[in-house]
Each structure stands twice: as C-alpha cells, then as structure tokens.
Amino acid sequence: MTYNVSQDRKMTVDACVQAVLESLPPAEQRMARFFVDQKQSVLLGSAAEIAQLAGTSDATVVRTARSLGFESLSALRQMLLSDLTGIPSPGKRLARTLQETGDGSAGALRHVIDIHESVLDVLKRPEMAAAFERSVDILARANRRHVFGIGPSGAMADYASLQFNRIGLPTSALSVSGIALADRLLWLGKGDAVLMMAYAPLYREVEIVLDQTMQLDVPVVLISDNLAPLVSGKVAETLPVPRGKADHLAMHGGTIVLIEAMIIGLAKRGSEAAFDSLERLSTLRGSIDKAWIKRGVRNNNSNRSRK
C-alpha cells in the first residue's frame with residue numbers, strides 16, 4: 001500500500017509516514033522514521049550519503065520514498081522543504097497537540113513523556129554522538145563562546161551562558177531580538193564560537209548573526225530540527241534535536257538535555273579550570289552570604305572521598 005501524495009497537497013512528510021508506516025516492511029519503516037527524524041540529512045545528502053547515515057542501502061532509501069507515495073527521492077525533498085517553510089500558527093500547533101493528549105492532566109503527562117522518550121532515542125544515535133563530540137571540540141577551543149537564541153530559546157541561551165561561565169568558560173548570551181542584538185554582536189570576535197538555537201523560518205536576527213560569523217571566520221554549532229537546509233555552508237556543525245511532533249506544540253526538553261550534556265562535556269575537557277571557577281563562585285557567594293563559605297567545592301569533594 002502506498003499513499004498518492006499528488007492527490008493531497010496539504011499532506012506533510014510526517015503525515016505521509018504516519019499514514020502508511022505500519023504497512024511497510026521493517027527496513028522501510030526504519031528508513032521512513034529516519035526521513036522524519038533527520039530531515040536536514042535527507043535534504044542535503046545524496047541517496048548513498050543518506051543510506052550511510054541510516055545504516056542501510058541507497059536502494060532502500062529510494063524504495064522507501066516511493067512506498068510513501070513519492071515519485072522519487074527528489075519529490076520527497078521538495079515536500080520536506082515545503083514543510084519547513086510552511087510553518088503553522090502556534091494556535092494550530094497547540095490544537096493538534098491537545099487532540100492527541102487525551103482526557104485529563106494525566107493524559108497530558110503521558111503524552112509529553114512519550115514525546116520526550118522518542119527525542120532521547122534520537123540523542124542516543126551514533127551519528128548524534130559523533131556530531132556532539134565535534135561540537136564540544138569547537139566550543140572548547142574557542143576564546144569566547146556566544147549562545148544565540150530568541151523567544152523561548154532565549155531563556156535556554158541565558159541558561160547555557162550562565163552554566164558555561166560557571167565552569168570557567170567566558171560566554172555571552174545573544175538572547176535579545178531587534179536592534180538590541182547589535183550591542184551584543186559587538187562582543188563577537190575572531191577565535192570565538194557561536195552555539196545557535198534557531199528554527200525555520202529564517203529570521204532576520206539569524207541571518208545577521210550568520211553574516212557576522214562568516215565575516216569573522218567564527219564557527220557556528222547549530223541546534224535545530226529544521227533550519228539546517230536553509231543555512232547550508234554557514235554552520236560548522238549541526239545537532240538535529242527534534243522538538244516533539246511536526247506541526248504540534250514545540251517542546252524543548254531534548255534541547256535542555258543536550259545543553260546539560262555540553263556543560264558536562266566541556267567541564268570534563270577543562271576540569272581544573274572548572275573547579276577553580278566554581279571555587280571562586282563559592283567565595284563570591286560567601287562575601288554576600290557568610291553561610292556559603294562552608295560550601296567550598298574542593299573541601300566538599302575531599303570530605304566525600306574520606307567517607
């Protein structure tokens with residue numbers, strides 16, 4: 001059974017996959033899920049490159065696209081690009097999410113847990129681990145880090161910046177929009193790196209930040225589930241973190257998990273500097289509140305080792 005995509009222009013790739021997934025052979029089911037979870041890889045890679053990432057054959061890639069109702073892999077890519085540039089309104093995304101939640105608050109809890117479990121499965125994949133390792137290398141080598149995010153991502157940018165600074169890595173948050181961003185971009189310089197959380201459509205602020213990083217030869221690590229195809233050649237590394245189901249309310253739990261993994265990964269690269277910075281933080285807290293003096297980082301570690 002295949003779905004004739006040409007008969008329904010309103011279908012998305014995610015919907016096409018959902019419509020026929022259970023009828024596909026196991027190998028094609030795995031490939032179809034890859035189309036949904038790794039959209040940027042499908043848009044940018046050849047059939048052979050996609051097959052290598054997915055651990056299958058290029059024949060399976062093409063065959064799965066046809067099983068989903070597409071005439072070719074190229075036709076699948078066209079719909080993927082259309083999906084990325086035709087973002088539904090927040091109200092419509094919320095309505096679709098509520099339709100699948102079920103009755104009561106417990107249903108909402110179960111629904112969200114299920115979504116985040118699927119996101120964590122994506123984060124566990126070998127290709128994600130390799131991209132994460134390269135991303136930590138980029139951020140660790142930089143003279144200074146800048147974390148970009150606006151809207152809900154702005155709060156995560158502030159959080160990442162705070163935590164990176166705490167472990168001794170000078171970091172600034174590019175977490176404002178409009179002309180206020182210009183002042184923050186004055187901090188950007190050669191030898192720096194940018195961690196960017198951004199999503200389609202391509203906002204003006206994103207374009208300006210990328211223009212500046214290219215002028216200064218500053219590498220960008222992009223966290224996004226849909227922007228990579230629109231900024232190809234402008235970022236050094238992409239971490240494709242899903243934000244829940246397509247056309248549903250965006251959820252950022254997976255991004256927070258990734259950021260906290262980065263905190264640990266970066267601290268491990270420079271543990272001595274991290275301990276020194278945290279010790280200084282405790283001293284500064286103690287100058288404000290004397291009760292903090294008893295909470296020295298090294299003393300606590302030493303006490304634990306004797307127990």
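Modeller: The account below begins with the sheet, continues with the core and ends with the salt bridges.

This is a predicted model, in which local features need pLDDT of at least 70 and side-chain atom pairs count only at pLDDT 80 or more, while totals for chains, interfaces and linings use all residues. Residues are numbered from 1 along each chain as its sequence is written, and side-chain values use heavy atoms, with hydrogens and water left out.

Five strands make up an open sheet with parallel pairing, in the order β2-β1-β3-β4-β5. Strands (E, at least two residues) and helices (H or I, at least four) are DSSP runs numbered from the N terminus, and two strands pair if DSSP finds at least two bridges between them. At the edges stand β2 and β5 (237-239), each of which pairs on one side only. From one strand to the next the twist averages 20 degrees; axes are lines fitted to C-alpha atoms, for helices over the stretch in contact, and angles run from 0 to 180 degrees between N-to-C directions.

The chain passes from β1 through α10 to β2 in a right-handed β-α-β crossover, that is, with the strands pointing away from the viewer, the path from the first strand over the helix to the second runs clockwise. Strand β2 (residues 171-174) is covered on both faces, since Thr171 and Ala173 on one side and Ser172 and Leu174 on the other are all buried (under 20% relative accessible area, with exposed over 50% and partly exposed in between, for a 1.4 Å probe and protein chains only).

The largest nonpolar core has 32 residues, of which Phe164, Leu195, Met197, Ile223, Leu239 and Met262 touch the most other members. Such a core is a set of buried Ala, Val, Leu, Ile, Met, Phe, Trp, Tyr and Cys residues joined through side-chain atoms within 4.5 Å. Among the elements that give two or more residues to this core are α10 (152-166), β3 (193-197), β4 (220-223) and α13 (253-269). Beyond its neighbours within four places in sequence, Met197 is in contact (heavy atoms within 4.5 Å) with residues including Val147, Phe148, Met156, Ile223 and Ile259.

Seven salt bridges are counted, each a side-chain nitrogen of Lys or Arg within 4 Å of a carboxyl oxygen of Asp or Glu. Arg269 forms one with Asp137, the closest N and O atoms being 2.4 Å apart. Because Arg269 lies in helix α13 and Asp137 in helix α9, the pair ties together parts that are 132 residues apart in sequence. Both partners are partly exposed, Arg269 at 39% relative accessibility and Asp137 at 25%. Elsewhere, salt bridges with shared partners join Arg110, Asp114 and Glu117 into one network. Here Arg110 meets Asp114 at 2.8 Å, N to O, and Glu117 at 3.8 Å, N to O. Asp114 and Arg110 are four residues apart in helix α8, and are therefore separated by about one helical turn.
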